[in-house]
Amino acid sequence: MAQVTVAGKRLFGLTGRWGRRAAGGLLDLLLPPRCLACTAVIDQPGGLCAECWRDMPFLEAPWCARYGTPFAYDIGKDGLSPRAIADPPVFERARAVAHYSGPARDMVMALKFSGRRDLAGPMGCWMARAGREFLDKDSVIVPVPLHRIRLWQRRFNQSADLARAVAGVSGGTYVPELLRRKRRTRQQVGLDAAARRQNVRGAFGVREDLEEFVYGKQVVLVDDVLTTGATVSACTKVLKSAGAAGIDVLTFANADPAGVLS
Ligand SMILES: [Zn+2]
């Protein structure tokens, strides 16, 4: 994985990473491995317990070629859902690992609000698999940014952790600071689709000193959950204005507000 930061430096040196890996190995010997979703004790680290595997709402093809929402029956590789025909997305394709419910929701909440940043690695592995149609070594992998005040409050951007993990598996170029949030927006939770679009209008920009990573490139935009798509659509528009060849969206979960999945 290549990583581009503004100052051109990695946040952690080799020593720090090896140090953490050694410490992690020691902890693995001392503590039993636990299910990523419910923390039940399991045999092998980095997986789910039998119950969470059973309840994990993985999304499987056949699905809508644009929105990635599953079909009850196969209508062909390029089949489109009624929503994709009536309201085509500004991005090319959206793919997600799971429906936003059960253990998938628990994992997103734990990563975002309980500081379980260790979940980003395994979640990113699953995401790389879900996005295999469009991910390759030439992909430019970009997280949806947090506003700097929210980043300061939360101390990390969960989407950036996921994007870094996806790039580590797929071999694309991770450019965490490509997009910036120009103004603070309300939380999208509780807003309807029109209010969500209004809330994020004009909220994002591409850093001018990083525009070379956009022009003519296939960008993979990474977020934790896709709901109405208002946020990733706003990001897609500024990436297109900066000359991106195409934008695909990769999230861990799809909340499917239209209720197609449930
Ligand atoms: Zn479990």
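Analyst: A residue is called buried under 20% relative accessible area, exposed over 50%, and partly exposed in between, using a 1.4 Å probe and protein chains only. Asp161, at 6% relative accessibility, is therefore buried. The model is predicted, so local features need pLDDT of at least 70 and side-chain atom pairs pLDDT 80 or more, while totals for chains, interfaces and linings use all residues. Residues are numbered from 1 along each chain as its sequence is written, and side-chain values use heavy atoms, without hydrogens or water.

Asp161 sits in helix α7, residues 158–170; helices (H or I, at least four residues) and strands (E, at least two) are DSSP runs numbered from the N terminus. Its side chain makes a polar contact of 3.4 Å with the side chain of Arg164. Such a contact is a pair of N or O atoms within 3.5 Å; within protein one must be able to donate a hydrogen and the other to accept it, and residues adjacent in sequence count only if both atoms are side-chain atoms. Apart from neighbours within four places in sequence, Asp161 is in contact (heavy atoms within 4.5 Å) with Arg117, Ala120 and Phe156. Leu111 is 50 residues away from Asp161 along the chain, with 9.4 Å between their C-alpha atoms.

Asp224 belongs to strand β7, residues 218–226, and is buried because its relative accessible area is 4%. The side chains of Asp224 and Gln158 are joined by a polar contact of 3.1 Å. Beyond four places in sequence, the contacts of Asp224 include Val108, Lys112, Ser159, Leu162 and Phe252.

Arg155, in the loop between α6 (148–154) and α7, has a positive phi of about 80° although it is not a glycine. Most residues other than glycine have a negative phi, and most peptide bonds are trans. With a relative accessible area of 70%, Arg155 is exposed. Thr39, in the loop between α1 and α2, also has a positive phi, near 65°. Elsewhere, a cis peptide bond with omega of about 5° joins Ala61 and Pro62.

The model also holds a zinc ion. Its protein donors are the SG atoms of Cys35, Cys38, Cys49 and Cys52, lying 2.3 Å from the ion; donors are N, O and S atoms within 2.8 Å of the metal (3.2 Å for Na, K and Ca), and sites may look incomplete as water is not among the atoms. The site is tetrahedral, with angles of 103 to 117° among its 4 donor atoms; four donors count as such if all angles lie between 85 and 135 degrees. Cys35 is in the loop between α1 (14–30) and α2 (50–55) and Cys52 in helix α2, so this pair ties together parts 17 residues apart in sequence. Cys35 and Cys52 are both buried.

For the protein as a whole, there are 9 helices and 8 strands, and 47% of the 262 residues count as buried. The mean pLDDT, the predictor's confidence in each residue from 0 to 100, is 87, and 89% of residues reach 70 or more. Over residues 8–16, however, pLDDT stays under 50.

Technical notes
Four donors count as tetrahedral if all angles lie between 85 and 135 degrees; four count as square planar and six as octahedral if opposite donors are over 155 degrees apart and all others between 65 and 115; anything else is irregular.
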